[in-house]
Amino acid sequence: MVGLSSEDLEAFGLTLRLAATVTVLLLLLGAPLAWWLARTRSPVQRLVAAVVALPLVLPPTVLGFYLLLLLGPHGVVGQTMSRLGLTLLPFTFGGLVVGSMLYSLPFVVQPLHNAFEAIGEGPLEAAACLRAGPFDRFWSVALPMALPGVVTAAVLGFAHTVGEFGVVLMIGGDIPGQTRVLSMRIYDHVEAGDYAQAHTLSLCLLAFSFAALLAMTLLRPRLRANG
Amino acid sequence: MEEPKGLVAALTRKHGPLSIAFDAALPGRGVTALFGPSGAGKTSCLRMIAGLDRAGVGVLRFGDQTWQDSRRRIFTPPHRRRIGYVAQAPSLFEHLDVAGNLDFGWRRAGQPSHLNREELIDQFGLRLLLPRRVGALSGGERQRVAIVRALLSDPRLLLLDEPLSALDGAAREDLLARLEGLHARLAIPMTYISHAIDEVARLADHIVLLDAGRVVAQGPLSATVTRLDLPAALIEAAGAVIEGVVTAHDPADHLAALTFEGGVLLLPRDSAKVGDRLRCRIAARDVVLTLERQTGSSALNQLACRVIAVGEADHPSQRLVQLDAGGTVLLARITSRSARALDLTPGKPVWAQVKATALGA
C-alpha cells in the first residue's frame, strides 16, 4: 500500500463533490416524487414506480449508453441544448451529475416512498383539521415524521453514487478534475498494473461504504426513539 | 339572543354494503350526540362533516357557509372548514412533544387572544405533560391532548368521535367530567359520537339517532329519547333525561336531592353542591308504575305522573309507557300484562317509582 498521489486526491474530491451534488438534487427531486407516489390514486402510479425502479435492474452501461445517445450531438436533448447554445453534457461534470441522478434515483425514492407510506392517513388528517394546507402538511408533518427515511435515502444515494462505474465509463470518460472519479481512477491503476495504488483507493472506498452503512444503522434507531 | 345557525346536512354515501343517508340539522349551540349501534355509520357521517371523506354526495352547510354542494361542485377542504376533529384513536404528531402538538393549530389560527391556552391546559390536566414526547402517553392522556389541540385551533365546530370508548373506568370518568366542564363553558357547537347512552345523557343537549346508515330520529335530547316510536335497535336509549338543581345533600347517606319540574329525585352522590345543575337519566326499565303512592317500599323516589300514551316495545311481552311528571316526560318499560292489569289509558294518574340506586353513583 502506498500514499495517495495528488491525482488520486483530486479524484477523491471530485467523487465527494459529485456524490454530494447528486444527493442534494435527488432529495429535492425525490421527496416530492416519493410523496406523489405514496399519495396518488392515479392509474399511472404503478407505471411511474416501475420507471423509477428501472435503474435497479438495468446494467449501468446500458443506462450510460442511452444517456450518451440522448445527450450527445445527435440526440434529441443534445440537439435542443446546442440550439439553446448550451454545452453538451457528455464528458462533463454536469453530464455525470445527470447520469448519476438517474442511476441512484431508486435508492433515494424508495426509502422516501416507504417512509411516507408508513405515516398513514391519521397524522395528515389531523393536520388538515388543524388548518394545515397540503404543502404545510407535507413540510410540517410528513417530512419530519419521515426523517429516518430521509436519512436512509441520503446515505444510500450518496454511497451509491460514490460507487458507480458503468455510467461514468459511458458518459463521463476520464477527464482529470472533470469526470475522473475514484472508481475510474482505480480502473486506470489496474489497467496500468499499479496494483498498490488501486489497493489504497479500493480500501478507502471499502472503508467509506462500510462507515456509511454503519452510520445509517446507528442513526436510525436514535431517530425513531426521539420522534 | 338569536340562536346561531348550525349544520344542515343532506348527504348520501355508499360505504361497502351500507348506504348512508345523513339528513340532519344540528343546532349552532350546545352538544349534539350522534348516537347509534356499532356499524350504524356514525364515524362516516362525522368524517363527511369534517370533509375528510370526499365520497359523500349532497349538500352540507354550516352557518352561512356552504361546505359541500355536489351539484355545484363545491367542496371546502378540511383545512378551510375551521373544525376541530378528534378521531377515535387520535393521531398525535410523534415528532413533536405535547406542547408542540397543542401549538400546531394554535399557531396556524394566529394564537387567538379569546382562547385561554393556559386555562385549557389546566382544565384538561396537561400542565405536567407539556415537555413530554407523545409516544409515552396513556390512552386518556392522548385523548386529552387531542381535544385541547383541536380546541386551540379556534374551531367553529368541534367534532369528537367516541373519545371515551377506549378508556377504562377511572380514565373514562375523569375525561367525562372534564367534557362536562367543557360543555358548560364552550361557546361553539360540538358534535359527539357515542354508542353509550349514559355519556349522551350527561353531555348532549340534542341527539341524532342513527341506525343502519339512516337518521331515524333527531331533536332535543329529552324529547327524542322519550319517544315511543324509536326503532328496536335503539330501544336501549329509551328513557328520560332529567335536568335539575341540587337542593340538598346528605353526606351521611351519600344522597343528593335533585329538584326538577316534576318533583324531587334522590340520587346517590358522594358530594354535590347545593345550587349546582345536575343531569340524571332514568332508564325506562328502571321505572315501576303503581296506581297508589306506596308506603312500605324501598324505592326512594315516587313521582306523581299522568299517562300520556302507551306504545309497543321491541318485544311483544312489553309496553313502553310515556308519562307526564309535571311537564317532564318520563318513560316506563313494563310488561304487557301489567299494562293491562293497571288499565293504563291516556290521562290516567299513576305513580312512577324509581330506585335511587338505578340513578348512578
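Reader: What makes contacts in chain A join residues at least 24 apart, and how many do so?
Author: Two residues are in contact if their C-beta atoms, placed from the backbone, lie within 7 Å. Among contacts in chain A between residues at least 6 apart in sequence, 75% join residues at least 24 apart. This is a predicted model: local features need pLDDT of at least 70, side-chain atom pairs count only at pLDDT 80 or more, and totals for chains, interfaces and linings use all residues. Residues are numbered from 1 along each chain as its sequence is written, while chains are lettered from A and ligands numbered from 1 in the order in which they are written.

Reader: Which elements does chain A hold?
Author: It has 11 helices and 0 strands. Helices (H or I, at least four residues) and strands (E, at least two) are DSSP runs, numbered from the N terminus. The C-alpha trace of chain A spans about 65 × 45 × 30 Å along its principal axes.

Reader: How do you know what length to expect of helix H1 of chain A?
Author: The expected span is 1.5 Å times one less than the number of residues. H1(A), residues 6-39, has 34 residues, and 50 Å is expected. From first C-alpha to last, H1(A) reaches 48 Å, close to that value.

Reader: Where does H1(A) bend?
Author: At A:Gly30, by about 30 degrees. The bend is the angle between axes fitted to the seven residues ending at a residue and the seven starting there. A proline, A:Pro32, follows within four residues.

Reader: Why is A:Leu105 called buried?
Author: A residue is buried if 20 or more other C-beta atoms lie within 10 Å of its own, exposed if 12 or fewer, and partly exposed in between; C-beta atoms are placed from the backbone. A:Leu105 has 23 such atoms within 10 Å, so it is buried. Of the 227 residues in chain A, buried ones make up 38%.

Reader: Where is A:Leu105, and what is it in contact with?
Author: A:Leu105 is in helix H5 of chain A. Leaving aside neighbours within four places in sequence, its contacts are A:Leu26, A:Gly30, A:Val52 and A:Pro55. A:Gly30 is also where H1(A) bends. A:Leu105 and A:Val22 are 83 residues apart in sequence, and their C-alpha atoms are 9.5 Å apart.

Reader: What makes a nonpolar core, and which residues touch the most other members of the largest one?
Author: A nonpolar core is a set of buried Ala, Val, Leu, Ile, Met, Phe, Trp, Tyr and Cys residues joined through C-beta atoms within 7 Å. The largest has 157 residues, and A:Leu112, B:Leu159, B:Leu330, B:Ala332 and B:Ala352 touch the most other members. Helix H5 of chain A, residues 93-119, gives the most to this core, with 12 residues. The core also draws at least three residues from each of domain 1 (7-237) and domain 2 (240-359) of chain B.

Reader: How do you know the bounds of the domains in chain B?
Author: They come from an automatic or database domain assignment. Domain 1 of chain B is 7-237, and domain 2 is 240-359. Their C-alpha centres lie 31 Å apart. Still, 12 residues of domain 1 are in contact with 12 residues of domain 2. On the domain 1 side, the largest share, 4 residues, comes from H7(B).

Reader: How many residues of chain B touch chain A, and of what kinds are they?
Author: The contact takes 19 residues from chain B and 14 residues from chain A. The chain B side divides into 10 nonpolar, 6 polar and 3 charged. Ala, Val, Leu, Ile, Met, Phe, Trp, Tyr, Cys and Pro count as nonpolar, Asp, Glu, Lys and Arg as charged, and the others, Gly among them, as polar.

Reader: Why is B:Arg82 called partly exposed?
Author: B:Arg82 has 19 C-beta neighbours inside 10 Å, so it counts as partly exposed. B:Arg82 sits in the loop between strand E6 (74-75) and E7 of chain B. Its phi is near 55 degrees, a positive value in a residue other than glycine.

Reader: What makes B:His254 partly exposed?
Author: B:His254 has 14 other C-beta atoms within 10 Å, and therefore is partly exposed.
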